[in-house]
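Please look over the sequence and the structure shown here before reading on. The report that follows turns to one helix, then to the surroundings of the ligand, and lastly to a residue in a loop.

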Amino acid sequence: MPTPPAKITAGTVRSDFNDPVAVVHYARAAHFLGLWESERVLIGRFFPDLTAHLLEAGCGAGRVTLGLWALGHRRLTAFDFAEELLDQARHLAAERDAIGINFLHADATTLGQCHLLRDTALENAWRSEPGFGGALFLFNGLMQIPGRENRRAALRELHAVCAPGAPLLFTTHDRDHSPTERALWRLEALRWEAGTQDPRLVEFGDRYFEDETGRTFMHLPDRAEILADLAATGWTHEFDALRHEIARESRAVREFSDECRFWVARKPARA
Ligand SMILES: C[S@@+](CC[C@H](N)C(=O)[O-])C[C@H]1O[C@@H](n2cnc3c(N)ncnc32)[C@H](O)[C@@H]1O
């Protein structure tokens, strides 16, 4: 009997992001696309303090990092576990004279093991800020972590390095966002019941596909799943909305990325 293909792991995702096809795709977006209008609106609304030290998870080639810099945020730490993308981000920052951005190689699910990141959070404590003043995990990076427990681990790790009161902004897809989407997921549910789903997938809601931008693993949650994950990891839900409800995006942005749901959660302030 042939052995079933291996399940997708963090290693699969990391090597897919380090693949030259993906690197070119994300580097191009960092150079030429920049922040989406919806991101600009929500960053302005939830991260108004330009002096806060922000942590950007899954920074890739620096599309959001350099966007934050252009908005006037000067205390930025950004990390990714894909070294090739991180390299691109460092080069772009140098090219734009964005000196002082801290780029670190780290895995969101094990941030506590990254000494430099822990030290940066501690350094904030010496400035009487116990942790980062806010965190961002944009363009669905959190959902590219296979396994719900691992996504919760990432949420817990971000919570641990953020200061009380800090906001967390991230995006996900939404399995329920349109009738077509709902119909497709009903079909996928039947495949899972029959055991005929793609054997590489870890959980219902996962997708693994290949197109001209490379291979992509993505978990698509429903709204209830994210609300439960936030509650389980210490974050208080503050806001969520579909992208088209926040801003009208340019054609370039719509071609780069499909509809998603934006989430803002907050680490509760100390009583
Ligand atoms: C869709 S890309 C977005 C990149 C960039 N933020 C942007 O918007 O162009 C998701 C990013 O999350 C990173 N990522 C996924 N899982 C990660 C993990 N466990 N730890 C750190 N980075 C991770 C990937 O390497 C990738 O760079």
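A residue is called buried if 20 or more other C-beta atoms lie within 10 Å of its own, exposed if 12 or fewer do, and partly exposed in between, with C-beta atoms placed from the backbone. The model is predicted, so local features need pLDDT of at least 70 and side-chain atom pairs count only at pLDDT 80 or more, while totals for chains, interfaces and linings use all residues. Residues are numbered from 1 along each chain as its sequence is written.

Helices (H or I, at least four residues) and strands (E, at least two) are DSSP runs, numbered from the N terminus. Of the 8 residues of α4, 7 are buried, namely R63, V64, T65, L66, G67, L68 and W69. Among the elements that cover these buried residues are α2, α3 and β1, where contact means that two C-beta atoms, placed from the backbone, lie within 7 Å. After α4 comes G72, with a positive phi near 110°.

Around the ligand there are 23 residues, the closest being G58, G60, A108, F139 and G141, where a residue is near if its C-beta atom, placed from the backbone, lies within 6 Å. The elements giving two or more residues to this shell are α1, α2 and α4, and α1 gives the most, with 3 residues.

| Class in the shell | Count |
|---|---|
| nonpolar (Ala, Val, Leu, Ile, Met, Phe, Trp, Tyr, Cys, Pro) | 14 residues |
| polar (the others, Gly among them) | 6 residues |

T110 lies in the loop between β3 and α6, and counts as partly exposed because it has 14 C-beta neighbours inside 10 Å.
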